[in-house]
Amino acid sequence: MNVLVVGANGQVARQTIAELAKRGQQPIAMIRDEQQADALLALGAARTVVADLEQDITHAFNNVDAVIFAAGSGGKTGGDKTILVDLWGAMKSIDAATKQGVKRFVMLSSMGTVDPDKSERIRHYLVAKKLADDYLKQSSLNYTIVRPGSLTNDEAIGKIKLEEEIQVRDNTITRADVAHVLAEVVGRENTFHKTFEILNGPTPIDEALNQL
Ligand code: NAP
């Protein structure tokens, strides 16, 4: 499957490219700087495409079977970029996928998106992510929305807690395990039209996904 990874140079996305390649998928790395290409090809990307979510992105969705949206404006930019990248960039990606006949869309979202009002600090970000998720749910795409807790750079644990809404706060998951989940769900029909939160926990990832 040709899987377009949006935000491919990101910390989760780079590991997702490697996980996809391990599974025999054809990851296509969408980057906004040509100089990032060689490193992504070395990680296992089948090809790269240059596109910026703040510009026209339609060309990146040609010859694509599935999309993993793993881009984000990050905590160091202002609220304007949250709107332009995390919200509008995600909505543009959903529209581009629909327009180009892509059927499958996996969204890297965030825990806390169910009720942004519970968070003072990143409420505007969670609102943006919630609106993008809602837009995806209303589309005709076979979506899966993956909502991890706080991301860490620790080594993969391989085990998670997965629920529609997890009733703990301030908990974490490694980026490596999130990448594993994203690469795994993209080809799994039992995850179509599902939205769930993940943290590191007691259940092997494949087993947790089988239970969906
Ligand atoms: P990251 O390393 O900051 O990666 C984000 C990627 O988005 C970067 O590669 C960046 O490209 C790309 N990007 C930014 N603006 C773009 C644009 N206009 N067009 C195209 N690409 C653009 O983030 P991460 O650590 O992998 O996390 C991925 C996402 O997980 C976050 O964005 C967030 O939504 C979600 N999340 C994060 C946490 C957390 O604890 N941090 C928790 C839950 C969910 P460049 O490399 O070119 O800058």
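Okay, let's start in strand 10, where Ile160 has Asn200 as its bridge partner. That belongs to an antiparallel pairing of strand 8 (residues 159-163) with strand 10 (residues 194-200), over four bridges. Pairing here needs at least two DSSP bridges between the strands; strands are DSSP E runs of at least two residues, helices H or I runs of at least four, numbered from the N terminus.

Quick caveats: this is a predicted model, with local features needing pLDDT of at least 70 and side-chain atom pairs pLDDT 80 or more, while totals for chains, interfaces and linings use all residues. Residues are numbered from 1 along each chain as its sequence is written, and side-chain values use heavy atoms, without hydrogens or water.

Zooming out, nine strands make an open, mixed sheet, ordered 3-2-1-4-5-6-10-8-11. Strand 3 (47-50) and strand 11 (203-204) sit at the edges with a single partner strand each, so one side of each has no neighbour in the sheet.

Now, strand 5 (residues 104-108): buried or exposed? Five of its five residues are buried, so the rest of the structure largely encloses it; buried means under 20% relative accessible area with a 1.4 Å probe, protein chains only. Arg104, Val106 and Leu108 cover one side, Phe105 and Met107 the other. Strand 5 runs parallel to strand 4 (residues 66-69), joined by four bridges, and Ala66 is partnered with Arg104.

Last, the helix pair: the axes of helix 1 (residues 11-22) and helix 5 (residues 175-185) come within 8 Å and cross at roughly 50°. Those axes are lines fitted to C-alpha atoms over the stretch in contact, with angles from 0 to 180 degrees between N-to-C directions, and contact means heavy atoms within 4.5 Å.

Notes
Buried means under 20% relative accessible area, exposed over 50%, partly exposed in between (1.4 Å probe, protein chains only).
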